[in-house]
Amino acid sequence: MLSQEENIFNDLNQVTLTLIGGKMDIALELLDHIEAVYDRQKYNPEFVGNLRKFISQYKDGAVFLNAIANGNLDIPLPEDPLRENYLIAEYKQLHSNLNHLTWQMQQIVRGDFQQKVRFLGEFSVAFNKLIDSLREKQILEDQVRLQVAQLQNLNAEKDKFFSIIAHDLRNPFNAFLGFTEIMVEEISSLTTDEIRIMAENMRKSAVNLYRLLENLLEWSLLQRGVTKFSPTTFLLKPKVTECLALILDPALKKGIEIINDIPDDAEVVADVHMFEAVIRNLVSNAIKFTRGGGHVTVSARVIPGQPVEIAVADTGIGMSREMIDQLFRIDVQTSRRGTEGEPSTGLGLILCRDFIEKHGGTLRVESEENKGTVFYFTVNPG
Amino acid sequence: METNSKYNFEWKDLGNIALGRPNLGTSTHVLVYRLMQYTMRDVLEKHLGPEKTNEIFVESGYKAGAEFCKNAIDCTLDFDGFMAHLTATLEKFGIGILRVEKADVGTMSFVLTVSEDLDCSGLPYSGVAFCDYDEGFIAGIMHTYTGVDFKVKEVDCWGTGERTCRFTVDGQSR
C-alpha cells in the first residue's frame, strides 16, 4: 500500500502528464481531487495553488492564441491589468500588431496612402511597396482626371466657337446679305426713306457683327495666351463715361437711362483694354435685358485696403436660379434674346469673367426675375 | 482640495531650452527622466499613499497632454490626419510608438497602444501598471482635440508582464 505522500506525488505527476497532453480541464479536476482528498499538511497547498494558477494562465493563453490563430482579433481585451500572465504577453503584442495592421488596411482603403507597416519583416517591405505603388497610381489618376477635365473644357470651348460661327455670326450676315440684295436689285424703285431704313438696318447688323467679331477675337487671343496684359492706374469714373458713350445708342433708342454713379476720386489698377471690354459687355447686356423706361446704373464701392467692387445694376427682366447657375458655363447654351429681340451669345460674360480673373478679381451676379440683375466684379485699387 | 498655488503651468514655462543648453542640446537620457519620475513616485507614495499618488500622476499627465496637444500638435486636422501627426510627434520626441488598434469616431471609442514607452518599457516585472501619467496624458490630448472628456484605462503594461502598453480610450457624454 502506497503512502499518502506517494499517492499525492503520483497524482501530481498525473496532473503534469495531463497538462502535457493538453487536457487542462482534467488537470484542474485532478487538482480539485488532491485538495479534496488529501491532508493539507501533506500536499503543500501553496504549491497546488500555484500549479492551479499556472494551468489557468496556460488555459487562458491557449484560448487567446487559438482565437488569434483563427483570425479572431475581436477577442475581448483582458479586463484585469494585473493578470500576471507572462505566457500570453508576446501573443498580446502580436494581437496588438495585427489589430493595428487591420486599422492601417482600413485607412489605406479610405485612401490614406501615407501608412507604413513596421513589423513582419519581408511582409512589411512588400506591403509598403504596394502602398507606394497605390499612391503613385492615385497621383497618375488625379493627373488623368485633371487632363480629361481640361480636354472637356477645350472641347466645349471649340464647340462654343463653332456654334457662334454657325449660328450667331450667320444670322446677321443673312440679314445683311438680304438687304444688299434688295438694294442691288431694286434700288431704282426704292424711295429715299426706304433706302435710309435699309441702310440703318444694315448698319445695325454690321455693328452687331463687329461686336461679335471683336469678342470672338479677344476670346481667341486669351485662349491662346497671347493677350497682352498691361495694368495701369486710372480714374474709374471718366473711363466708364468713355465706355458708356460708345454704347449709348441702343439705350437711347429703348428709352433706358444710364447712370454713372462712381465716386469721382476712385482709382483702379487694370489693363485698360480689358477693363473697357468688361464694362462694354456688362452694360450692353444690361441694356439688352431691360425694357424701355428702365435704368442701368454703374457704381463702385471703395474701401481702403480692399479691392474696388464695381456693380452694373439694371431694372430688367432678371434671371432664374437655373440660368444663373449656368451663366458662366461654356459647355451650356446660355444665350437668349433681349427684350426687343437683340441677339446675345453668352460669350461676352465668359470673356468678362476671364478678363477679371486675369486681374485676380472675381465676378458674381445677383438677380431676381422681373426685378433686375446686378453684376459685381472686383479690381485692385489704384 | 483647492490650495493657494503660486504656480500654474503654461507651455512657455518650459523656457528656451536650445538657448539655455547650447552645448548639451535639447535631449536627455530616458534614464534621467525615469530617475526623476520614479524617485518622485517613491516620495509621493510614502507621503500620500499609492492611491493619491496615482491620482496626482493622472492629473499632471492630463495637464501635460493638454499643453502638449495645444502647442505641438495641429488640432485643425481631421481625425486621421490628427492621429498621423500625433504619432509622428510622439516618435519625434521619443515618447513612444503610438498605434491605433481600433477607432470608432462616432462613439469616441478607441484602443491605442504605446510601444517603447518612455515611462515603462523595460521596467522589471512588479505586477503593477505604471502608466498613470500616460493615462492622463492621452486623456488630456483627446480632450483638447475633441472637447470631450475621456476615460483612459491602461489594460496592458510592461510592468505587469506585457510587451506593449495598451489603453482603452472612451469618450464620456458631453
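Predicted model: local features only at pLDDT ≥ 70, side-chain atom pairs only at ≥ 80, totals over all residues.
**Exercise 1. Helix α4 of chain B**

Task: Check the span of helix α4(B), find its buried residues, and state what they pack against.

Solution: 
- Start with the length. Helix α4 of chain B covers residues 79-92, which is 14 residues.
- The expected span is 1.5 Å times one less than the number of residues. For α4(B) this gives 20 Å, and the end C-alpha atoms are 20 Å apart, so the two agree.
- Next, burial. The cut-off is under 20% relative accessible area. The residues of α4(B) that pass are Phe79(B), Asp80(B), Phe82(B), Met83(B), Leu86(B), Thr87(B), Thr89(B) and Leu90(B).
- Now the packing partners. In chain B, these buried residues pack against α3 (50-72), β1 (97-104), β2 (109-115) and α5 (132-146). In chain A, they pack against α5 (89-109).
- Finally, look past the helix. Gly94(B) follows α4(B) and has a positive phi, near 70 degrees.

**Exercise 2. A residue in strand β2 of chain B**

Task: Decide whether Thr113(B) is buried or exposed, and list what it touches.

Solution: 
- Locate the residue. Thr113(B) sits in strand β2 of chain B.
- Apply the cut-off. Buried means under 20%. Thr113(B) has 0% relative accessibility, so it counts as buried.
- Collect contacts, leaving out residues up to four places away in sequence. From chain B come Ile97(B), Leu98(B), Arg99(B), Glu101(B), Thr164(B), Cys165(B) and Arg166(B). From chain A comes Ser96(A).

**Exercise 3. Strand β4 of chain A**

Solution: 
- Ile258(A) stands opposite Val296(A).
- Take β5(A), residues 308-314. Ser299(A) has Ala311(A) as its bridge partner.
- Inspect the turn. The hairpin of β4(A) and β5(A) has six residues between the strands. There, Gly305(A) takes a positive phi near 80 degrees.

**Exercise 4. The cavity**

Task: Count the cavities of 30 Å³ or more, then describe the lining of the largest cavity.

Solution: 
- Count. There is one cavity of 30 Å³ or more.
- Size it. The volume of the largest cavity is about 60 Å³.
- List the lining: Ala270(A), Met274(A), Phe275(A), Val278(A), Phe355(A), Ile356(A), His359(A), Phe377(A) and Val379(A).
- Assign elements. Two or more lining residues come from each of α11 (272-288), α13 (347-358) and β7 (372-381) of chain A. The largest share, three residues, belongs to α11(A).
- Classify. The lining has eight nonpolar residues, one polar and no charged.

Methods
Residues numbered from 1 in each chain as written. Chains lettered and ligands numbered in written order. Heavy atoms only, no water. Helix = DSSP H or I, 4+ residues; strand = E, 2+ residues; numbered from the N terminus. Buried < 20%, exposed > 50% of the residue type's maximum accessible area, 1.4 Å probe, protein only. Contact = heavy atoms within 4.5 Å. Pairing = 2+ DSSP bridges. 1 Å grid on protein atoms, 1.4 Å probe; cavity = no way out; pocket = protein on both sides within 12 Å on 5 of 7 lines; lining within 4 Å. Points joined across faces, edges and corners; volume = space filled by probe spheres on them. Nonpolar A, V, L, I, M, F, W, Y, C, P; charged D, E, K, R; others polar.
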